[in-house]
Amino acid sequence: MRVLALLLSTSLLGACAVQTPQPRSEPPPVVDRSTTVDEAPTVTARAPARTAPAETAPAVQGLLAEAMGAARDGDLRQALALLERAQRIEPRNPLVWNRLALVRLQEGDLAQAESLALRSNSYAAGQPDLQVRNWRIIADARRGRGDDAGARQAEGEARSLSADR
Amino acid sequence: MARKPSSSRRPAAARKTRAKRKPGKRKTRGRGGRALRRLFAYGLLGLLVVGAGYVAYLDFEIRGQFEGRRWELPARVYARPLELYAGRQLTADDLQYELKLLGYRPVRRAQQGGTFARDGQTLELATRAFQFWDGPEQARRLRVGFSGGQVASLADAQSGRDVALARLDPVLVGSIYPAHNEDRILVRLEDVPETLTDALIAVEDRQFYDHHGIAPSAVARAVWANLRAGRTVQGGSTITQQLVKNFFLTSERTLRRKLNEAVMALLLEWHYDKNAILEAYLNEVYLGQDGRRSINGFGLASQFYFQRPLSQLRAHEVALLVGMIKGPSYYDPRRHPERARQRRDLVLSVMAEQGLVEAPAAAAAQRQALGVSTTPPSGATLYPNFVDLVRRQLRSEYRDEDLSSEGLQIFTTLDPLMQRQAEEAVERQLRAIEAGRTEQKGQLQSAVVAVRTGSGEVVALVGGRDGRYAGFNRALDAVRPIGSLVKPAVYLTALQRPQHYTLATLLDDGPLAVRNHDGSLWEPGNYDHRFHGRVPLALALAHSYNVSTARLGMELGVEQVVKTLEGLGMDRSVKPYPSVLLGSVNLSPLEVAQLYQTVAAGGFRTPLRSIRAVLDAEGQALSSYPLTVQRAFDETTIHLLTRALQLAVSDGTGAGLYAMVSPSLRVAGKTGTTDDTRDSWFAGFTEDYLAVAWIGRDDNRPTGLSGSTGALRVWGALAAAVQPTPLDAPPPGGIESVWVDPATGLRSEEGCEGAVRWPFLPGSAPAAGAECRGGSWLQRLLR
């Protein structure tokens, strides 16, 4: 659980304001990679950096905001339902797939988190910021499943994309 | 009128019954004396024991009925809700069709929920509130403007402000009934309009709140009336007795039955309070028949006769339903409107008499038309084949009796607009095909599966040319050889080895003989009975050449191809015989759709889904079926395959398609034909939708149709009607586009004769240049 919490934190850092649910008996997750897991559990909601690309329709923007609100409240089923509505409206919007990946990561479904982040990247040509965020999700998901080499490779992808800019 | 809870809980029933059975008034005669008296005493005791036992038995029966059956509710199956937002592809006619399915009434001004007004390309509608699995959708008034096949504007009809997103209530596409075919929509007493309960009590049982289950004075009155008339003209049954009668569904009019009913009514009153009994009655009472389905309860009757929820009924409609209790078929407002009207007006008079409505209001209500919808909403599902798919998916998680009795709400992925187009495409194309062939008339069958490519949601499913009738569901159960539809798996296996195979790699389409395991020789031939020499890989697939495909498959290894099929989502075990390479793999149209879905989704495998969520009767989520994806193939490799499949439609065996739809759709597709034209297949996709069409005969005789003369036409008709999004998204990163000469497979230049631009994985494009026939554009420019 701790590992997962840490993992989550790094992805969330890159992906704006999603809070993790607060498990009753476990220390809640933290947000910054530099802090340790045992530290105080405040979850910093960051301002949504790099919001939806201009082409995201208002209908989808509304659903994304609502979904992230639900995820913040720990209602992941609801968040997924709203994101799927968004996906049906804009099937190729990589931001929607990125949010699906994030919610799955928060849920602890690491395999889905990775697949969905890859799916997001398959539509994210020309959006390096988003690609970096997806690679971070992938790295976290892989590390969570014990695939350290894969995680390092994903982090490398993220770094090289960041360096390119 | 106030609803009084029952105040009496005395075991009156038992005592009264015993009293009835006691032959106490008889005198003992003669001097038989003591022995006789003793015999009598024992007899009496015996009778008492038997009587008590009998009452206990009736008590057990009636409580079982009351506790158990009153909650038995069929599952409701809903279509996807229609989402409205600016920019959505939808015509005004589409929306109107959806509204018709929903039972929205056309009006001049849409104010009441469930109404709409259309003015050319603008629709105003008043939606109904609905509780979805992901939250409530409020009722609202919307103005929707259409232009160019799209929703051009969506605004609040009152404020005029833009609305980003709205969703209609979902079309009820079917119900899963218990074995006895009773249907009902459960209502709670507090949701039932008081006019209704008051009218009901006034007409059926004025002493309802005062009696203990039976009303002797009412019985006496009825007996007197019947005696005078010499036949049964009046019933003295209380609401409680009627409820008991409804529970056991029999019209038997014997004294014993009457007695049992009376006893059970007393027992019911002893155990339950008046409101519980009234609520059960409101949900149980028989109010009509629709084929094999019986219409039970006011909730369903309201929908069945008025296509509106009970809470929205007006006085004259309430009066009609209450009046019908006396004889639902005799007073059937659709078959006998005049009788029904007289009965309704009588009820309205009683209501006025009792002060339930003001006299002028009652008179006004009597002037109203019956207001019954001309055709009843069908209880039989319009889409039995789709509901079949839903049932099968649910059967792994729910028991049959739960599906048919727990009142589950099942939200599915069915798109009724798409379904209608798919059914029409099948019907029209089969008719057109048969028109030229008398020997096939009525013999051809077809199936279609349509899927949203991104999410794997099945949006339409046609299981035969009579899609409205349940029966052999060919989309799921016609498991047939898939012929050339298997070929993309062979080529995908090759393209996964970019160092050996590209779209431009020349394949050998010369004669081939392969020795089978049993020593026999397999010598595949081409459909046109010719060999084509050296053919670039992309065109060998596009033209569906058998020999080069078989040779390629043998080079790659049949096991590898089977592995690719499994990667695409095939869920059957297939022996790796060489004949697999040319499609001796038996799959249903739905299974084929699963394979092509993985290609259409860029190599990400998503299990096909027909259900989004299942809620219980109270609206609590029982299960959801979230979108899941798994990367099965690299999206760049899939991009190459997709390009070859686009060539199959633009230049290959699917070329007939562009006579039906615009080439700008850039469809990727594949035809399939099996031995002696027994099966005709077409699988194809655009950006947003994938569809698989099949034509064949149930007796498996030859149809004389190839994939391109048969199934392709069904597919084309569907695509022409639906107008999907073109497949022209930019290629994924890591793809380079290079001009090549297909004749040689070598690099070429723009402007050279026959040069084409094909995608390659980095470093795999041919290096050496071909001689430029016709000269490059630069050369020509300089000439």
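**View 1. The contact between chain B and chain A.** In this interface, 25 residues of chain B are in contact with 22 residues of chain A, two residues being in contact if their C-beta atoms, placed from the backbone, lie within 7 Å. On the side of chain B that touches chain A, the elements that give two or more residues are strand S26 (621–624) and strand S27 (630–631) of chain B. Helices (H or I, at least four residues) and strands (E, at least two) are DSSP runs, numbered from the N terminus. The residues on that side of chain B comprise 12 nonpolar, eight polar and five charged; Ala, Val, Leu, Ile, Met, Phe, Trp, Tyr, Cys and Pro count as nonpolar, Asp, Glu, Lys and Arg as charged, and the others, Gly among them, as polar. This is a predicted model, in which local features need pLDDT of at least 70 and side-chain atom pairs count only at pLDDT 80 or more, while totals for chains, interfaces and linings use all residues. Residues are numbered from 1 along each chain as its sequence is written, and chains are lettered from A and ligands numbered from 1 in the order in which they are written.

**View 2. Chain B as a whole.** Chain B contains 24 helices and 33 strands. Its radius of gyration is 35 Å, well over the 28 Å that the globule rule gives for 783 residues, so chain B is more spread out than a compact globule. The radius is taken over C-alpha atoms, and the globule rule is 2.2 Å times the number of residues to the power 0.38. Taken along the principal axes, the C-alpha atoms of chain B fill a box of roughly 135 × 70 × 50 Å. Of the 783 residues in chain B, 47% are buried; a residue is buried if 20 or more other C-beta atoms lie within 10 Å of its own, exposed if 12 or fewer, and partly exposed in between, with C-beta atoms placed from the backbone. Among the contacts in chain B with a separation of 6 or more, 69% involve residues 24 or more positions apart.

**View 3. The antiparallel sheet of chain B.** Five strands form an open sheet in the order S17-S16-S30-S29-S28 (chain B), with antiparallel pairing; two strands pair if DSSP finds at least two bridges between them. Strand S17 (458–462) and strand S28 (668–673) of chain B stand at the edges, each with a single partner strand, so one side of each is left without a neighbour in the sheet. From one strand to the next, the twist averages 5°. Axes are lines fitted to C-alpha atoms, for helices over the stretch in contact, and angles run from 0 to 180 degrees between N-to-C directions.

**View 4. Strand S30(B) and its partners.** Eight of the nine residues of strand S30 (residues 689–697) of chain B are buried. Strand S16 (residues 444–452) of chain B pairs with S30(B) in the antiparallel sense over nine bridges, and Ser446(B) stands opposite Ile695(B). Strand S29 (residues 679–685) of chain B is joined to S30(B) by seven bridges, again antiparallel, with Asp679(B) as the bridge partner of Gly696(B). A hairpin of three residues connects S29(B) to S30(B).

View 5. S16(B) and S17(B) pair in the antiparallel sense over four bridges, and Ala450(B) stands opposite Ala460(B) in S17(B). Helix H15 (residues 416–435) of chain B lies across S16 and S17 of chain B, running at about 150° to S16(B). Helix H23 (residues 711–722) of chain B packs on the sheet and touches S16, S28, S29 and S30 of chain B, its direction making about 145° with that of S30(B).

**View 6. The loop between S28 and S29 of chain B.** Asp676(B) is found in this loop and has a positive phi of about 55° although it is not a glycine. With 11 C-beta neighbours inside 10 Å, Asp676(B) counts as exposed. Thr677(B), in the loop between S28 and S29 of chain B, also has a positive phi of about 55° without being a glycine. Thr677(B) is partly exposed, with 19 other C-beta atoms within 10 Å.

**View 7. Helix H6 of chain A.** Helix H6 (residues 128–144) of chain A has 17 residues, 15 of which are buried, so H6(A) is largely enclosed by the rest of the structure. Just after H6(A), Gly146(A) takes a positive phi of about 85°.
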